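My notes follow the order of the checks.

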Amino acid sequence: MDPAAEEARHLGLRFQRGFLAGRRLSAFPWAELEKKLKSSSDALLLLDILQKTILHPLCMKYPPSVKYRRCFISELIKKHESIATEPLDELYDVLADILNKEESTNCYKSYLLPTGDSVTLSETVAIISQGTTGLVTWDAALYLAEWAIENSAIFSNRIILELGSGIGLTGIAICKTCNPKAYVFSDYHHCVLEQLRENIHLNGFVLESETGNHTKMESQNQRTEVMDLQGPKITAAELDWDSVTKEQLSQLQIDVVIAADVVYDPQITLSLIGVLQQLSASKTAGNPPEIYIAFTIRNPDTYHLFQTELGKVGIGWQVVPTHTKNLFLYDLHSNITLLKLLA
């Protein structure tokens with residue numbers, strides 16, 4: 001493949017990754033596209049981008065929001081009109097089709113994995129919905145998923161607990177790429193758990209409660225569902241950090257604990273520290289679980305409070321080096337940190 005064709009192919013893939021994942025339109029390489037279009041008299045690049053985005057099979061089955069698709073195709077049309085006099089019918093056909101669709105409160109985002117598979121999530125259009133921010137995917141979850149994929153040996157054939165799973169991006173990516181023995185998703189907000197279970201189903205997993213072999217663990221504020229299938233056993237658990245006991249956590253025989261973007265509110269920090277303390281004291285084969293926490297540092301005071309409270313209960317930490325491969329698109333300038341906790 002000649003250099004110009006390879007450059008065009010790579011540009012198309014950048015648009016594809018960004019579009020399927022629903023990244024903000026301003027983050028797309030529009031200037032590069034315009035430059036490329038001006039140096040070429042045909043519209044093959046635009047048609048290629050159209051096939052890789054709005055007409056991609058994933059998008060056709062699990063579409064982004066109507067508004068997002070409308071804005072994207074409008075921008076493509078602008079770029080074409082700025083360098084060509086003849087309209088490109090395919091662009092206008094897609095726009096007309098989108099204009100006839102009704103907007104929904106939910107949309108889909110798809111994240112391409114290095115295996116050729118993907119993680120597709122149903123998310124709310126609004127950042128805050130049903131009184132929670134847990135119904136969208138945050139950058140620290142993408143960062144943690146990337147790191148996990150690059151360090152899959154940490155998760156292979158082990159039992160993983162994720163705190164504050166949200167709608168499931170990190171855990172589903174790990175289940176699809178890292179071969180864990182079992183994976184326990186957990187959250188507390190009922191709407192988040194409902195969306196999480198929907199996304200587990202969406203990605204080809206079936207809860208064991210739906211296969212007739214239902215295992216349940218209940219306490220006053222905790223309920224767990226376990227599914228058994230070829231591959232990891234996957235659990236979607238309602239987990240209250242303030243009421244779960246060390247004994248209940250020990251029963252899970254956890255090898256690795258992870259969490260993304262759970263350090264953002266001083267009011268819940270003490271609850272988080274409490275459950276981390278109990279997890280650090282629990283043992284699997286005589287060893288405490290490895291614990292990894294990823295978060296975006298938005299407020300340094302909150303980050304320092306977290307570190308201080310860890311120190312008070314005797315938990316140390318070390319910063320995990322940044323991984324090398326950027327698989328997902330997010331703000332690379334975000335101040336995301338991954339800590340490994342030391343019991």
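This is a predicted model: local features need pLDDT of at least 70, side-chain atom pairs count only at pLDDT 80 or more; totals for chains, interfaces and linings use all residues.

I found zero disulfides in the structure. I also checked Cys-71, which is partly exposed at 30% relative accessibility.

Next, salt bridges. My search of the whole structure gave 14. I went through several pairs.

Glu-32 and Arg-14 form one, with the closest N and O atoms 2.8 Å apart. This pair links distant parts of the chain: Glu-32 sits in helix α2 (residues 30–38) and Arg-14 in helix α1 (residues 3–20), 18 residues apart. Glu-32 is partly exposed at 41%. Arg-14 is partly exposed too, at 29%.

Asp-48 pairs with Lys-52, again with the closest N and O atoms 2.8 Å apart. I placed both in helix α3 (residues 44–52), four residues apart, about one turn of the helix. Asp-48 is partly exposed at 25% relative accessibility. Lys-52 is buried, at 15%.

Arg-298 and Asp-261 meet in a salt bridge of 3.1 Å, N to O. Arg-298 lies in the loop between β9 (290–296) and α12 (300–312), and Asp-261 in the loop between β8 (256–260) and α11 (266–281), so the pair ties together parts 37 residues apart in sequence. Arg-298 is partly exposed at 48%, whereas Asp-261 is buried at 11%.

Last, I noted a network: salt bridges with shared partners join Glu-34, Lys-38, Glu-75 and Lys-79.

Notes:
Residues are numbered from 1 along each chain as its sequence is written. Side-chain values use heavy atoms; hydrogens and water are left out. A disulfide is a pair of cysteine sulfur atoms within 2.5 Å. Buried means under 20% relative accessible area, exposed over 50%, partly exposed in between (1.4 Å probe, protein chains only). A salt bridge is a side-chain nitrogen of Lys or Arg within 4 Å of a carboxyl oxygen of Asp or Glu. Helices (H or I, at least four residues) and strands (E, at least two) are DSSP runs, numbered from the N terminus.
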